[in-house]
Amino acid sequence: MAGSSPASRVQEEPDNDRLASFGYRQELSRVLSFFDNFSIAFSYLSPMVGIYSLFVLGAGAGGPRYLWLMPIVVAGMLLVALVFGELGSHYPMAGALYQYGKYSVGPAYGWWVGWIYGIALLVTVASVDTGVVPYIADLINQWFGATLDPTSHSTILIVTVLMILLQTILNTVGAKVLGRVARIGVYVETIGTFGVAIALGIVGFHHGFGFLFETRGAEVAASNSLQVDFGGNWWTGAALVAVLAHVYIFYGFEAAGDVAEETVDASRQVPRAMRSALLYGGIASFVLVAGLLLATPSDAKGYTAATSFAGGIPLILSQLPQWLQDFFLVMVIIAFFSCGTAVQGAGARLAFSYSRDGALPGSNWMRRISPRFHTPSNALIVGALVPVLFTLLVNINPSKDVHILWFVFPQGINALTALVSFGVSGIYLSFLMTVIGSMIARARGWQPEGTFRLARWAWPVSFVAAGYLALMLINILVPTGLSSPRGALFNLDWITLVVLLAIVLVGAVYFLLARPDRRLGAHMSTNTQPTDTNQDSPH
């Protein structure tokens with residue numbers, strides 16, 4: 001590669017040879033180090049974005065004890081990361097989950113994994129970039145005496161478009177820039193998680209450590225901060241909802257695989273980056289949530305306000321000096337921006353990977369690489385336009401319940417919220433399909449050839465990972481009525497499941513009409529590794 005040092009070119013040769021063995025030539029710039037790769041994965045996972053968005057759901061639904069549900073989620077996802085690490089080491093290609101499914105089971109299976117995962121990524125970009133609007137509006141209003149309304153549709157659209165435009169420019173000018181933005185995200189996340197906890201501790205916690213094991217009556221409607229009723233059951237009621245505040249955070253580590261073709265020594269570094277992003281994200285999240293909980297007011301009224309939508313994290317941070325509140329507010333905004341940039345970058349690599357296989361409409365245009373920056377510039381345009389279109393859904397906000405077939409779209413909920421509710425279910429479904437795909441490949445005799453291998457632990461790790469994903473997917477999707485805590489707080493009864501089915505239906509229409517799997521099969525049959533004897537067998 002032009003401009004590379006002799007040493008780096010020597011490092012790149014095995015990566016490029018591995019890529020060539022799957023029938024692809026090196027088109028993207030292989031410039032990302034391990035820390036860059038880790039940073040992209042960590043910025044997508046983003047503890048700050050997740051916790052600032054979901055703290056009230058977790059603490060309000062489950063009380064302080066919800067903190068201890070976090071290790072369960074991190075442990076489950078760590079098993080998934082181990083499976084993905086083995087696949088990423090063997091298939092170090094852009095598109096990650098799509099490629100893993102394609103080679104593990106077959107072209108059609110891989111296409112469906114990528115379709116569900118890709119839509120979820122685009123939804124996530126819109127979710128993250130609209131989610132930062134209240135923080136930006138608050139900062140502008142404080143500093144400049146403005147009166148921006150963060151709930152105004154025009155404010156949401158303008159801020160989101162500006163965010164996406166800047167993210168697209170940075171993603172287009174080079175993978176190295178993406179890596180640098182992600183590095184800033186890591187530093188900011190570190191300050192914004194450990195720093196907030198330390199600052200609150202210095203000002204003075206209002207509870208002892210034992211408080212973190214209490215439920216504060218969250219299982220009973222009369223004392224639940226969100227006024228939902230779990231019938232007196234914490235483990236079989238409140239915990240099943242509160243755990244989703246963690247479930248909605250701990251993914252994104254797979255982005256390390258999406259940029260594998262731009263990472264030096266990808267077969268070795270990608271698995272390390274996945275595990276490191278998840279573990280560091282778990283530690284940072286635990287510290288921040290613990291600090292926030294211990295800093296909640298000690299009186300019942302103050303605690304309820306701090307763990308409800310009426311107050312939340314801003315109320316807890318109001319104990320800090322104003323200048324420090326403003327500083328952490330800036331950190332939050334940067335974390336959201338870095339997260340959105342990383343997600344958009346991952347989505348563009350998936351679209352590029354799809355398109356060079358001819359698996360999407362407009363593939364010839366979308367697969368083009370910027371001759372100057374060696375980035376998938378056209379795919380990035382798609383990764384900008386689609387989230388902007390999703391953002392327009394905030395304008396659809398019914399003033400009364402809308403009855404559609406057998407389900408109800410509730411009043412006061414905009415259509416983007418309904419689409420965002422699909423995001424995590426789509427991620428978990430594509431993850432589950434990928435883990436199952438690796439098990440199918442192994443049963444057919446697939447032998448991992450990457451530098452990271454699970455060896456004799458492969459089957460138990462895969463089984464438990466698949467079980468975890470399946471249980472959490474059911475927990476996310478199961479309709480329980482709009483008056484139930486689950487339906488009232490996050491999945492809107494049938495809405496999340498219906499949106500998922502609608503996206504699958506749209507994919508099915510295109511799949512049946514265009515049959516992209518045939519083009520994928522043609523590529524695989526003419527570009528197999530020397531050890532392959534059958535295009536349908538795992539590589």
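A: The largest cavity has a volume of about 30 Å³. A cavity is a set of points on a 1 Å grid over the protein atoms alone where a 1.4 Å probe fits but cannot get out, and lining residues have an atom within 4 Å of a point. Points are joined across faces, edges and corners, and the volume is the space filled by probe spheres set on them. The structure holds one cavity of 30 Å³ or more. The model is predicted, so local features need pLDDT of at least 70 and side-chain atom pairs pLDDT 80 or more, while totals for chains, interfaces and linings use all residues. Residues are numbered from 1 along each chain as its sequence is written, and side-chain values use heavy atoms, without hydrogens or water.

The cavity is lined by I51, L54, F55, Y66, M70, A245, H246, I249 and V289. Helix 3 gives the largest share of this lining, three residues, and helix 3 and helix 11 each supply at least two. Helices are DSSP runs of H or I of at least four residues, numbered from the N terminus. By class, eight lining residues of the largest cavity are nonpolar, one is polar and none is charged. Ala, Val, Leu, Ile, Met, Phe, Trp, Tyr, Cys and Pro count as nonpolar, Asp, Glu, Lys and Arg as charged, and the others, Gly among them, as polar.

Helix 3 (47-62) and helix 11 (244-247) are also among the elements that cover the buried residues of helix 10, as is helix 21 (485-491). Helix 10 spans residues 234-242, and its buried residues are W234, G237, A238, A239, V241 and A242. These lie on the same side of helix 10 because they cover an arc of only 165 degrees around the axis, taken from the directions from the axis to the C-beta atoms. Buried means under 20% relative accessible area, exposed over 50% and partly exposed in between, with a 1.4 Å probe and protein chains only. W235 and T236 are exposed, on the face of helix 10 turned away from the buried side.

The loop between helix 9 (175-203) and helix 10 contains R216. R216 is not a glycine, yet its phi is positive, about 55 degrees. Its relative accessible area of 26% makes R216 partly exposed.

S484 sits in the loop between helix 20 (458-477) and helix 21, and is buried at a relative accessible area of 12%. A polar atom of the S484 side chain lies 2.7 Å from the backbone oxygen of G481. S484 and D229 are 255 residues apart in sequence, but their C-alpha atoms are 7.6 Å apart in space.

At the other end of helix 20, the loop between helix 19 (415-443) and helix 20 holds A455. A455 is a residue other than glycine with a positive phi, near 55 degrees. With 59% relative accessibility, A455 counts as exposed.

Notes:
Contact = heavy atoms within 4.5 Å. Polar contact = N/O pair within 3.5 Å; in protein donor to acceptor, adjacent residues only side chain to side chain. 1 Å grid on protein atoms, 1.4 Å probe; cavity = no way out; pocket = protein on both sides within 12 Å on 5 of 7 lines; lining within 4 Å.
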